[in-house]
Amino acid sequence: MLDSALIYRKAFLKLETSYNGKFVTELSKNRGVPTEIDWECVFSLLPFLKIFYDATLRLYGSLYITTNVYLQEIVGIGMMIDKKCESSDVGVKLMATGMKKKHAKYWENVDKVNVLLYVAVVIDPRRKMQYVNWAINQQYDYENSVKLRSKVLETITSLYVHYTESQTTQMHTPPPEVEVSPDECENMDDWQDVVESQFERDVSSELTNDKKSDMDKYLEDVREVNSKRFDVLDWWKKHEETYPIVALMARDILAISVSTVASESAFSTAGRILDQFRSSLSSRMVEGLVCAQDWLRSTRGPLLAEEYVEEVEKFDKELAEVLEEDSACDDYFCGVA
């Protein structure tokens with residue numbers, strides 16, 4: 001609203017001079033037209049309020065929001081509040097100070113912070129632990145930072161162990177070590193064969209002992225380049241074989257809803273499909289309609305019906321032939337009767 005008011009600022013200024021101040025007199029009965037001080041306040045507050053507006057639009061989306069986005073918005077808002085607390089504008093400074101108290105009420109105590117919000121950022125290949133460590137340092141003092149980082153690492157480790165144990169059927173045991181007996185050494189034609197056999201056994205044992213987990217490899221690999229078009233779900237779909245256990249974690253953690261908008265939207269959509277005038281649809285049909293609508297809405301780019309004209313025409317032709325055959329059969333049997 002304030003953004004739109006700035007566009008029509010000249011219109012407000014003309015109210016003071018148009019029709020000998022008639023509009024100013026009428027408006028003065030309530031609050032009057034905006035003064036220069038009012039416009040200065042709008043200019044100073046608009047960038048500050050826009051941060052909350054943009055964050056609300058991103059967090060309360062119903063088709064694209066994933067858990068890793070939430071912490072980034074909170075960290076950005078917290079940093080901006082801290083900067084506005086040092087503003088030379090008294091009005092902005094007072095507003096930022098009040099917001100900082102509200103912010104600290106929910107995020108000051110590290111014992112009450114939801115650690116999964118930080119774990120979700122670790123699962124983001126653009127962020128990983130580097131972003132988590134940086135964000136924690138921005139939010140808390142040294143003592144609380146060390147405490148929270150420790151909690152995040154413990155949570156990640158325990159989650160990885162849990163998912164690894166749940167996938168025991170897919171885990172393979174290393175091949176048993178084969179010792180070369182003295183009798184087998186005597187039967188070998190060349191002592192080089194003995195040396196090679198011993199070498200292969202020792203090296204295989206070292207590789208087995210030094211094998212890194214999926215989580216270690218994932219955290220040590222280079223972070224992905226950040227871009228606005230980056231799709232974290234698509235990335236994990238493509239790298240599922242590279243980090244199988246971490247991919248299972250990402251599938252469950254990133255699916256955690258950070259708001260109730262998505263679920264409320266689903267119930268609202270179902271309510272429009274199944275109402276008192278159309279209540280005989282089966283549960284399977286309602287599920288199909290809701291899913292089809294969701295898929296169509298999430299389709300990237302417009303749906304081009306021209307691409308499927310030939311297929312539709314072919315289907316109509318085949319359907320017409322089937323109907324003609326059925327009609328001919330009906331006529332034949334009616335004639336026989």
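Modeller: Start with K128, which lies in helix α8. The model is predicted.

Biologist: Why is K128 called buried?

Modeller: Buried means under 20% relative accessible area. K128 has 2% relative accessibility, so K128 counts as buried.

Biologist: What makes the phi of K128 worth a remark?

Modeller: Most residues other than glycine have a negative phi. K128 is not glycine, yet its phi is positive, near 60 degrees.

Biologist: Let us turn to the whole chain. How many helices and strands does the protein chain have?

Modeller: The protein chain has 17 helices and 0 strands.

Biologist: What share of the residues is buried?

Modeller: Of the 337 residues in the protein chain, 23% are buried.

Biologist: What share of the contacts with a separation of 6 or more joins residues 24 or more positions apart?

Modeller: That share is 65% in the protein chain.

Biologist: Where does L59 lie, and how do you know whether L59 is buried or exposed?

Modeller: L59 is part of helix α4. The cut-off for buried is under 20%. L59 is at 9% relative accessibility, and therefore counts as buried.

Biologist: What is the angle between α4 and α5?

Modeller: Helix α4 (residues 36-59) packs against helix α5 (residues 68-84) at about 175 degrees, with the axes 11 Å apart. Angles over 145 degrees count as roughly antiparallel, so α4 is roughly antiparallel to α5.

Biologist: Which residues meet there?

Modeller: From α4, the residues are F48, I51, F52, A55, R58 and L59. From α5, they are V69, Y70, E73, I77, M80, I81 and K84. This contact has 10 nonpolar and 3 charged residues, with no polar ones.

Biologist: How do α5 and α8 cross?

Modeller: Their axes come within 10 Å and cross at roughly 35 degrees. This crossing is left-handed. L71, Q72, I74, V75 and M79 of α5 touch Y131, W134, A135, Q138 and Q139 of α8. The contact has 7 nonpolar, 3 polar and no charged residues.

Biologist: How many residues are in the largest nonpolar core, and which have the most contacts inside it?

Modeller: The largest nonpolar core has 41 residues. Y118, V132, Y140, V152, W236 and V246 have the most contacts inside it. Helices that each supply at least two residues include α5, α8 and α9 (142-166).

Biologist: Which helix gives the most to this core?

Modeller: That is α14, with 7 residues.

Biologist: What does V246 touch beyond its neighbours within four places in sequence?

Modeller: V246 is in contact with I123, Y160, D214, M215, Y218 and W236. A second, separate core has 6 residues, including I77, I81, C85 and A96.

Technical notes. Residues numbered from 1 in each chain as written. Predicted model: local features only at pLDDT ≥ 70, side-chain atom pairs only at ≥ 80, totals over all residues. Heavy atoms only, no water. Axes fitted to C-alpha atoms, helices over the stretch in contact; angles between N-to-C directions. Helix = DSSP H or I, 4+ residues; strand = E, 2+ residues; numbered from the N terminus. Parallel < 35°, antiparallel > 145°, perpendicular 65-115°, else oblique. Contact = heavy atoms within 4.5 Å. Nonpolar A, V, L, I, M, F, W, Y, C, P; charged D, E, K, R; others polar. Core = buried A, V, L, I, M, F, W, Y, C linked by side-chain atoms within 4.5 Å. Buried < 20%, exposed > 50% of the residue type's maximum accessible area, 1.4 Å probe, protein only. Left-handed = near helix turned anticlockwise from the far one by under 90°.
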